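Colleague: I would like to learn how to read a protein model feature by feature. Could we go through one together?

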Amino acid sequence: SALNLAPNVQTPLDRIYAAVHLSVSPAEVSLPWRGGTATFTVTAQQHTQWWIDWNEWPYWIWIESSPTSVGNGEVRLRVDEVNNLPAPRHATVRVFGRQVALTQEAGLSVTSVSPASGPQAGGTRVTLRGTGFEPDTIVDFGGIRASETEFVDSTTLTATTPAHDPGSVYVSVSSADWRGAAWMDQAFYFEDGTPPEVWYSVQGS
């Protein structure tokens, strides 16, 4: 049972207790690692007052809508902070005893680069594994942009190496708006393509 009072009922002299219906949907909303706004719909009887439970509120979530209302309504939650973790983060939101979930997807990370070497002239097709990849993710090899990048899914990219001086370089990924970035040190080796010097010696009298 719950306290369900019409606006014209005076308290504490008159109280009406009645079972009420209240639901919150959807059960879960997932936001990209860069953030965004999640909307939950509250369906309730006309005079049912409800509110968001503030206990143990996650620091990375802001409330855009009113934290309390009467009858049908909605809860709008905003995430401004980029998730820099290579794993999703989750929060449980409680509305008048009902629980729903808000998930922010894994941020940018690079976990593997294969193959790990190629000629200094470039042109090696490389597969990157990680998290948080998007269709416009930028790939750099030692600070030089990949000559071509293809988005496969949020955990896989393929990129073509540019020309680069010989040696080991880091491989980085970054978002087009520069809000997120990640890299792997010494992830690719550009092989020296300089022909070896040949010395000839002539012996005899």
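Colleague: Where is proline 26 found?

Modeller: Proline 26 sits in the loop between strand 3 (22-25) and strand 4 (28-31). Keep in mind that this is a predicted model.

Colleague: What is the form of the peptide bond from serine 25 to proline 26, cis or trans?

Modeller: Most peptide bonds are trans. The bond from serine 25 to proline 26 is cis, with omega near -5 degrees. The bond from serine 114 to proline 115 is also cis, and its omega is near -5 degrees. Proline 115 belongs to the loop between strand 12 (109-114) and strand 13 (117-119).

Colleague: Next, backbone angles. What is the phi of tryptophan 178?

Modeller: Most residues other than glycine have a negative phi. Tryptophan 178 has a positive value, near 65 degrees. Tryptophan 178 is in the loop between strand 19 (167-174) and strand 20 (181-191), and it is exposed at 56% relative accessible area. Glutamine 186 has a positive phi too, about 45 degrees, and is not a glycine. Glutamine 186 is placed in strand 20 and is exposed, with a relative accessible area of 67%.

Colleague: How many helices and strands does the chain have?

Modeller: There are zero helices and 20 strands. Of the 205 residues, 39% count as buried. The chain exposes about 11900 Å², of which carbon and sulfur atoms supply 51%.

Colleague: How should I read a nonpolar core, and which residues in the largest one touch the most other members?

Modeller: In soluble globular proteins, nonpolar side chains tend to be buried together. Here the largest nonpolar core has 22 residues, and those touching the most other members are Phe40, Trp50, Ile61, Val75, Leu77, Val95 and Leu102. Two or more residues come from each of strand 3, strand 4, strand 5 (36-44), strand 9 (73-79), strand 10 (89-95) and strand 11 (98-104). Strand 5 gives the most, with four residues.

Colleague: What is leucine 77 in contact with?

Modeller: Leave aside neighbours within four places in sequence, and the contacts of leucine 77 include Phe40, Trp57, Ile61, Val93 and Leu102. Apart from this core lies another, of 20 residues, among them Val82, Phe133, Val171 and Ala187.

Colleague: How many salt bridges does a search of the whole structure find?

Modeller: The search finds 10. In one of them, glutamate 134 pairs with arginine 34, and the closest N and O atoms are 2.4 Å apart.

Colleague: Which parts does that pair tie together?

Modeller: Glutamate 134 lies in the loop between strand 14 (125-131) and strand 15 (138-141), and arginine 34 in the loop between strand 4 and strand 5, so the bridge links parts that are 100 residues apart in sequence. Glutamate 134 is buried, at 15% relative accessible area.

Colleague: What about the bridge between arginine 125 and glutamate 150?

Modeller: There the closest N and O atoms are 3.1 Å apart. Arginine 125 lies in strand 14 and glutamate 150 in strand 17 (residues 148-153), so the pair ties together parts 25 residues apart in sequence. Both ends count as partly exposed: arginine 125 at 34% relative accessibility, glutamate 150 at 41%.

Notes. Residues numbered from 1 in each chain as written. Predicted model: local features only at pLDDT ≥ 70, side-chain atom pairs only at ≥ 80, totals over all residues. Heavy atoms only, no water. Buried < 20%, exposed > 50% of the residue type's maximum accessible area, 1.4 Å probe, protein only. Areas by Shrake-Rupley, 256 points an atom, 1.4 Å probe, with all protein chains shown as cover. Core = buried A, V, L, I, M, F, W, Y, C linked by side-chain atoms within 4.5 Å. Contact = heavy atoms within 4.5 Å. Salt bridge = Lys/Arg side-chain N within 4 Å of Asp/Glu carboxyl O.
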